[in-house]
Amino acid sequence: MLNQDPLWHKDAVFYELHVRAFYDGNDDGIGDFAGLIQKLDYLEWLGVDCLWLLPFYPSPLRDDGYDVADFRSIASSYGTTEDFRRLLEEAHRRGMRVIVDLILNHTSDQHAWFQAARTSPVAPTRQYYVWSETDQKYPRARIIFVDTEKSNWTWDSEAQAYFWHRFFSHQPDLNYENPEVRRAMIQVMEYWLDQGLDGFRCDAVPYLFEREDTICENLPETHRYLKEIRASIDQRYKGRVLLAEANQWPSDVRPYFGDGDEFHMAFHFPLMPRLFMGVRSEDRQPIIDMFKHTPEIPPACQWCLFLRNHDELTLEMCTGEERDYMYYAYARDPQMRRNIGIARRLAPLLDNDRRKVELLNSIVFTLPGSPIIYYGDEIGMGDNIHLGDRNGVRTPMHWTADRNAGFSKADPSQLFLPVVADAVYGYQSVNIEAQKHATHSLLNWMRRMIAIRKKHKVFGRGTLEFLNPTNEKILAYLRAYEQQTVLLVHNLAESSQAVELDLGRFKGVVPEELFGESRFPVIGERPYVLTLGPYSYYWIHLPAARSRNSPYSMEWSAI
Ligand code: NOJ
């Protein structure tokens, strides 16, 4: 049964996966819906609440499916609409929701709309795209894919005109000035919602409209249209969610929540690299600063927090100096870099250091927002930096130590991408089956962490207050919701640290550590001292003060 709370998204744990990479149900080397359905029990076991599926529409796959050739069907290698409906039913039966990518900004140049549009200036879909006789319009718009594109305009010899594209030159932007486009895309959305889909991760939303003398991002007309989308959802569908991909500064993302009448959720892009900076420089400041610059959002809205996804670890929201630092710290080998970012998975980024993987996950799972896990990161999967584009982080999921990592029974040469098989991250040892059996594996730890988070609404809904201890290697904060307060303490350093926390207002309280459910010394007058091993962390519940007669008061009265 699905959680009927209209604010379910505020408590949910999300899991991002590519149908193609998850599990192959028909042995052709490509993952599919039939395979994913077989693995829903695993996702339920892990404790996931909502799946985010990467684009599964027919596509020439020159941008891994973000180049859509038909918005209303499913690529045949993944299955049929019937399979998709079955997936929704099976997921819902297990209490899991499903959202998919909605690519509003552009289509593939193979889309029938573009194919028709390019044939003549009076073709019925000509005005679905943005054309120009010159490539000089909108000069203030930046180029996003700087490593592959030279201009946002590409000459189309058939159309005898330039067309506008913010991403690859095979991905023409849709023309949102055209009311037919605006209607058509709302109908696309309704088509999927009518099948029972629970919402969308809306791709590249800042770029829908263009206007001269602007940077063509975050324009008021874009927000107006997005609000229309939301209104049409609210009118006809219940419990659905819209998640914005707006890779922008928090102040520019804030308007995407509107007054609670635009997106329900948005990724917090700039926070992500700062988590990596914080742990590498052993300094909490980059993380805290980012929250200082993060405005309040409407009560029904939520941030989405993540460490990694299917793209490069983007450094767009970093200063030049910060970027240099991140490249130096995390991608000295140029093969690890893509566009403005680093195309690596979580475990290799963190030197396969289990302590750091836990630490960063712990932060993402306890700061305000809903966390997203990228498939495979729950077992510390590795990457393959030698594959082109961002494919190095999109390889098949590791299920077992069998052929093809248990992902497919096809001949290995048939796989859509090779499995990771190196000595450190190879599927022979890094796989779900092995980690399920090992009580203290990363996978079992992740499962436990998810379960603890889900027991306490404070993580999804609570207020945030950073503490300010003198030891700057310690990131400590309080979250509070209704009667509950939790204290989160993280040691960003590779050495053991002690910290004195000012918890005077909790005098008399006996803290309880949430993972082990053990009690800590009672909080007294003096600063509260904690010691933390390298990269370690505490999730501590601060229940209301206990009576002096508590059976524990003798033991801890010394503090
Ligand atoms: C954002 C997606 O996350 C990325 O994978 C894609 O390349 C761009 N949008 C362009 O479609």
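This report looks at aromatic pairs, cysteines and one loop proline in a predicted model.

## Ground rules

Because the model is predicted, local features need pLDDT of at least 70 and side-chain atom pairs pLDDT 80 or more, while totals for chains, interfaces and linings use all residues. Residues are numbered from 1 along each chain as its sequence is written, and side-chain values use heavy atoms, with hydrogens and water left out.

## Aromatic rings

There are 47 aromatic pairs here, counting Phe, Tyr and Trp rings (the six-membered one for Trp) with centres within 6.5 Å; planes under 30 degrees apart are stacked, over 60 edge-to-face, the rest tilted. Take Phe-56 and Phe-84: they make a tilted pair, 5.2 Å centre to centre with 50 degrees between the planes. Phe-56 lies in the loop between strand E2 (50-53) and helix H5 (81-93) and Phe-84 in helix H5, so the pair ties together parts 28 residues apart in sequence. (Helices, H or I, are DSSP runs of at least four residues and strands, E, of at least two, numbered from the N terminus.)

Phe-84 is buried at 0% relative accessible area (buried is under 20%, exposed over 50%, partly exposed in between, with a 1.4 Å probe and protein chains only).

## Cysteines

What is the disulfide count? It comes to zero, a disulfide being two cysteine sulfur atoms within 2.5 Å. For Cys-304, the closest cysteine sulfur is in Cys-50, 8.9 Å away, so too far for a bond. Cys-304 is also buried, at 0%.

## A loop proline

Pro-527 sits in the loop between strand E18 (512-513) and strand E19 (528-532). Pro-527 is partly exposed, at 47% relative accessibility.
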